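Take a look at the sequence and the 3D structure below. Then read on for a short tour.

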Amino acid sequence: MANPHSFNVVVLPGDGIGPEVMEPCLDLLRAASDRVGGFSLTFETYSAGAETYRDTGAALPDATLEAARNADAILLGAMGLPHIRYPDGTEIAPQIDLRGLLGLYAGVRPARKVKGIASPLASPQADTVDFVLIRESTEGLFASHHKGEVEDDAIARETMVITRPTSERLFDFSFKLAERRKTAGAPGMVTCVDKANVFAAFAFFRRIFDETARRYPDIDAEHAYVDATALNMVRHPWDFDVMVTENMFGDILSDLAAGLIGGLGMAPSADIGDDHAVFQPCHGTAPDIAGHSLANPSAMFLSAAMMLDWLGERHFVEACGGAAQMIHDAVDTAFADGSMVPCEMGGRAGTKDIADAVLNGV
Ligand code: ATP
């Protein structure tokens, strides 16, 4: 009899290091689900990305989009290559289109420091960094994606959009996440990051945040300007719990967050909507190292763990959460004594070294 908790995962390896980190990730998911039992995963791989665009003329073919819509979850490597572009000069980024097409408004970017990974912060508190940045992922300045215009080679325009329905769902998502984290010992605080002192759109964003905050009296709500936040993320990042912000600000701050925990190769992410979710590392296709087996697959592994957590919560399958924890623990153990230093941090550990060490732990 088929496993009642069988999940169909659509896999989009993409370009550059995407397929390189995806392959060991699928091995890890198979191993963790076999070990834990109680649920099963089937993987269906589809093409999308810059090379797909070059070869077929479509960056996100209809069959891929259709499969993504019907999947229980979508696992994505990375997409886009600098030498393959649309006629307007922009890069191929179907992962951005997917966010709009599937309504994935909450870009969840956890920044949890793994012990044994070097941090650029000198403070001994660096090891306690553990916050989640929520980046709105369907509107903000990115609402202008594919719509920007350059007039007479003299003036360019892009327009930021903030809407009430998306902001309300985004803030609800953020407060609910803070509630869940609080039960596990986090402070229970959401920080709205904006530029409400200068832009009407951000004053509106903040007003909706305050309205939402009133419905969560057990969670502290605070505001911060994006520039001050960049400073404070470097000075005392351990003070943040859940941060929520607009798409472009989130794009920038999530790279800063990745830097604080050792690099993009350690930073997972998820783009979550009400009906669908895409799990992918924060990093791009890293064309500078692609093809050399130098990519750190940890961010991909931790994104897969987020997928298991999300599936488990959504379908009430506790075993999925167990497998997610197993992956987290295996990543932590692999790096714990500090001897395995990823190439990205100046060390010698490449994709296979890290993948083998993590796989060993499940
Ligand atoms: P995007 O705009 O799509 O996010 P990007 O070009 O800004 O992409 P990345 O492709 O993420 O950025 O690469 C930025 C730098 O980080 C590169 O030097 C790359 O080699 C490095 N890098 C990114 N991901 C990894 C990884 N998993 N392992 C090692 N190095 C990585």
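## Two domains

This is a predicted model. The chain is divided into two parts. Domain 1 takes in 1–119 + 264–362. Domain 2 takes in 120–128 + 136–149 + 156–260. Their C-alpha centres lie 23 Å apart. The contact takes 24 residues from domain 1 and 20 residues from domain 2.

## Where the domains meet

The size of an interface is often given as the accessible area lost when the parts come together. Domain 1 and domain 2 bury about 1,900 Å² between them. Carbon and sulfur atoms carry 58% of that area. On the domain 1 side, Tyr105, Lys113 and Ser119 lose the most area to domain 2. Together they make up 36% of what that side buries.

Polar groups also meet across this boundary. Between domain 1 and domain 2 there are three salt bridges. The count of residue pairs in polar contact is eight. Which elements of domain 1 each supply at least two residues of the side that touches domain 2? They are helix 4 (94–101), strand 4 (106–112) and strand 11 (270–272). Strand 4 gives the largest share, five residues.

Lys113 also forms a salt bridge, with Asp127 as its partner. Their side chains meet at 2.7 Å, N to O.

## The nonpolar cores

In soluble globular proteins, nonpolar side chains tend to be buried together. Here the largest nonpolar core has 95 residues. Leu29, Leu75 and Ile134 touch the most other members. This core draws at least three residues from each of domain 1 and domain 2.

Leu29 shows what such packing looks like. Not counting residues up to four places away in sequence, Leu29 touches Leu41, Phe43, Leu75, Ala304, Met307, Leu308 and Ile327. A second, separate core has 15 residues. Among them are Leu12, Ala68, Leu76 and Leu104.

## A residue in a loop

Now turn to Asn296. It sits in the loop between strand 12 (277–279) and helix 9 (298–315). Is Asn296 buried or exposed? Asn296 counts as buried because its relative accessible area is 4%, and the cut-off for buried is under 20%.

What does Asn296 touch, not counting residues up to four places away in sequence? The list is Val21, Gly265, Met266, Phe335, Pro342, Glu344, Met345 and Ile354. Asn296 also has a polar partner in Ser298. Their side chains are joined by a polar contact of 2.7 Å.

How values were computed: Residues numbered from 1 in each chain as written. Predicted model: local features only at pLDDT ≥ 70, side-chain atom pairs only at ≥ 80, totals over all residues. Heavy atoms only, no water. Core = buried A, V, L, I, M, F, W, Y, C linked by side-chain atoms within 4.5 Å. Buried < 20%, exposed > 50% of the residue type's maximum accessible area, 1.4 Å probe, protein only. Domains from an automatic or database assignment. Contact = heavy atoms within 4.5 Å. Buried area = accessible area lost by both parts, 1.4 Å probe. Salt bridge = Lys/Arg side-chain N within 4 Å of Asp/Glu carboxyl O. Polar contact = N/O pair within 3.5 Å; in protein donor to acceptor, adjacent residues only side chain to side chain. Helix = DSSP H or I, 4+ residues; strand = E, 2+ residues; numbered from the N terminus.
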